[in-house]
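I opened the structure today and kept notes as I went. Here they are, in the order I looked things up.

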Amino acid sequence: MRPSSLLFLYLIFFHGFSPLVESSYLDYADALSKSILFFEGQRSGFLPQDQRIGWRGNSGLSDGWMYNTDLTGGYYDAGDNVKFGFPMAFTTTMLAWSVIEFGDLMPPNELRNALVAIRWATDYLLKTVSQPNRIFVQIGCVASLTRSMLPLKVGDPNIDHSCWERPEDMDTARSVYAVDAPNPASDVAGETAAALAASSMAFRSVDAGYADTLLRNAVQVFQFADNFRGAYSDNAHIRDGACPFYCDFSGYQDELLWGAAWLRRASQDNSYLSYLENNGKTLGADDNINEFGWDNKHAGLNVLVSKEVLDGNMYTLESYKASADSFMCTLIPDSSSSHIEYTPGGLIYKPGGSNLQHATTISFILLVYAKYLDRTSQTVNCGNEFVSPVLLRMQAKKQVDYILGENPMGLSYMVGYSNYFPQRIHHRGSSLPSVKDHPGFIACKDGSIYFNSTNPNPNVLVGAIVGGPGEDDVYGDDRADFRKSEPTTYINAPFVGALAYFAANPNPS
């Protein structure tokens with residue numbers, strides 16, 4: 001639906017939405033290109049000559065020096081200047097899974113760009129596991145970003161905002177957080193194993209040597225995860241840096257199964273099949289938690305393992321498929337099992353902020369599961385109805401279309417896509433003058449005038465998907481409202497796969 005004339009005027013005069021980037025209203029190919037481009041705006045380290053987001057510069061060039069190791073590179077997870085290993089690894093897994101399932105539908109240049117985006121992450125992740133029985137889990141202390149002598153408070157954004165600076169201007173100590181055996185980091189290590197294993201599959205046909213390196217390291221880091229079980233945020237020296245931002249809230253068990261599932265798929269090693277068979281119950285695979293994201297892998301795990309059941313008749317893994325079926329039924333409004341909350345405009349909604357992370361991950365696994373079912377001509381039994389792969393795809397399409405502008409506000413939640421998109425996203429580099437336009441140093445406290453400004457951000461972070469509207473479908477375009485206005489890498493990553501599918505199949509059947 002298009003915005004009414006009154007809403008049109010409201011968006012322009014009160015929120016500054018303007019037609020900065022022209023594209024057709026639901027141009028999935030354009031959205032795909034931009035969703036991948038976004039990752040270049042999140043890069044840390046030395047930027048290459050072919051960097052396309054030109055307002056970014058080199059940053060984080062001393063990362064790792066205190067450990068006498070090179071930890072440059074990787075991605076800033078959101079609108080801050082910290083590299084959190086847990087969400088970065090999940091982002092990498094989802095980018096790789098997008099390529100594995102739907103890369104053959106991407107135009108060759110966009111497949112290349114997607115592989116470049118994956119490699120920017122995997123090159124960094126390889127550095128984080130380069131030392132035996134040690135994993136680097138975070139670079140850049142949140143406290144150092146704030147330059148505040150006050151204690152960090154849970155949920156207090158003002159502390160974070162007290163230092164609003166470009167990543168290129170960081171002149172504070174870049175704290176490095178590492179976990180050494182026998183201390184546990186099963187969640188980060190398990191997710192890193194998944195990321196490296198999945199990425200090995202994405203690179204297998206184009207760079208077999210690199211794929212071998214990724215898989216070999218995935219095996220090693222999974223052993224670390226499994227041998228020393230526990231959550232990384234349970235380590236006292238990690239907790240203050242990781243929490244409340246990326247604590248392991250749901251437990252480390254799902255990451256062990258997730259890592260094993262990806263190693264099984266990438267290597268076809270039967271030892272990982274046995275791991276999934278023997279550890280499913282003890283590690284909570286039957287908990288049937290209806291969530292999928294950087295912290296909780298259950299729904300994605302069940303879909304991934306279901307491929308073994310559907311393609312290979314691995315009935316010893318049937319419980320995973322039963323859980324995947326159950327999750328799909330919760331998403332169908334007419335199903336007797338439906339209990340996922342939707343906004344009046346039709347967006348999947350889960351309380352807690354940054355809601356579009358749920359919409360993009362769920363859209364992706366809807367499409368993946370539909371693909372697996374289609375190949376074996378199966379449907380999902382939801383009690384009062386049988387749900388077809390086509391219906392699963394239509395559910396995914398509703399979420400994708402909502403994000404791209406088919407919503408009550410007529411607003412694209414992807415920056416730079418369509419004519420109307422958020423102008424004041426919660427993102428340091430986007431909201432401050434570029435180093436190309438303002439080469440002089442902007443000190444920590446001096447950035448606050450840009451944070452507090454009501455002007456649109458001077459740098460358009462093309463492709464960024466913000467946290468999204470509230471349960472009432474309302475979005476206020478407020479830089480200070482970080483739960484709604486902050487983009488993250490793990491919102492974008494699964495959307496890459498979803499957009500690849502719809503770019504090739506705009507009217508799924």
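**Entry 1: the model.** I noted before anything else that this is a predicted model.

**Entry 2: the annotated site.** I checked the UniProt record, an unreviewed entry, which lists His426, Asp477 and Glu486 under "active site". These residues are spread over 61 residues of sequence, yet they cluster in space. I wrote down 10.2 Å as the largest C-alpha distance among them. The record's annotation may be inferred rather than shown by experiment.

**Entry 3: His426.** I found His426 in the loop between helix H15 (389-404) and helix H16 (428-431). Is His426 buried or exposed? Its relative accessible area is 1%, and buried means under 20%, so His426 is buried. A polar atom of the His426 side chain lies 2.8 Å from the backbone oxygen of Arg479.

**Entry 4: Glu486.** I located Glu486 in the loop between helix H18 (482-485) and H19. Its relative accessibility is 14%, so with the cut-off at under 20% Glu486 also counts as buried. Which residues does Glu486 touch, not counting those up to four places away in sequence? I listed Ala78, Gly79, Asp80, His426, Ile465, Val466, Gly467 and Ile491. One of these, His426, is also in the UniProt list.

**Entry 5: Asn492.** I moved on to helix H19 (residues 489-504), where Asn492 is found. Asn492 has a relative accessible area of 0% and is therefore buried. What lies by the polar atoms of its side chain? I found the backbone oxygen of Gly463 at 2.9 Å from one polar atom of the Asn492 side chain. The backbone nitrogen of Ile465 lies 3.1 Å from a polar atom of that side chain. Leaving aside neighbours within four places in sequence, I recorded contacts of Asn492 with Ser35, Phe38, Phe39, Gly463, Ala464 and Ile465. Ile465 is also among the residues that Glu486 touches.

**Entry 6: the nonpolar core.** How many residues are in the largest nonpolar core? I noted 146, with Trp97, Ile135 and Tyr369 having the most contacts inside it. Helix H14 (residues 356-375) gives the most to this core, with 12 residues.

**Entry 7: Tyr369.** I looked up what Tyr369 touches, not counting residues up to four places away in sequence. The residues are Val303, Ser306, Leu310, Lys321, Ala324, Asp325, Met328, Val380 and Leu392. I stopped there.

Key. Residues are numbered from 1 along each chain as its sequence is written. This is a predicted model: local features need pLDDT of at least 70, side-chain atom pairs count only at pLDDT 80 or more; totals for chains, interfaces and linings use all residues. Side-chain values use heavy atoms; hydrogens and water are left out. Helices (H or I, at least four residues) and strands (E, at least two) are DSSP runs, numbered from the N terminus. Buried means under 20% relative accessible area, exposed over 50%, partly exposed in between (1.4 Å probe, protein chains only). A polar contact is a pair of N or O atoms within 3.5 Å; within protein, one must be able to donate a hydrogen and the other to accept it, and residues adjacent in sequence count only if both atoms are side-chain atoms. Contact means heavy atoms within 4.5 Å. A nonpolar core is a set of buried Ala, Val, Leu, Ile, Met, Phe, Trp, Tyr and Cys residues joined through side-chain atoms within 4.5 Å.
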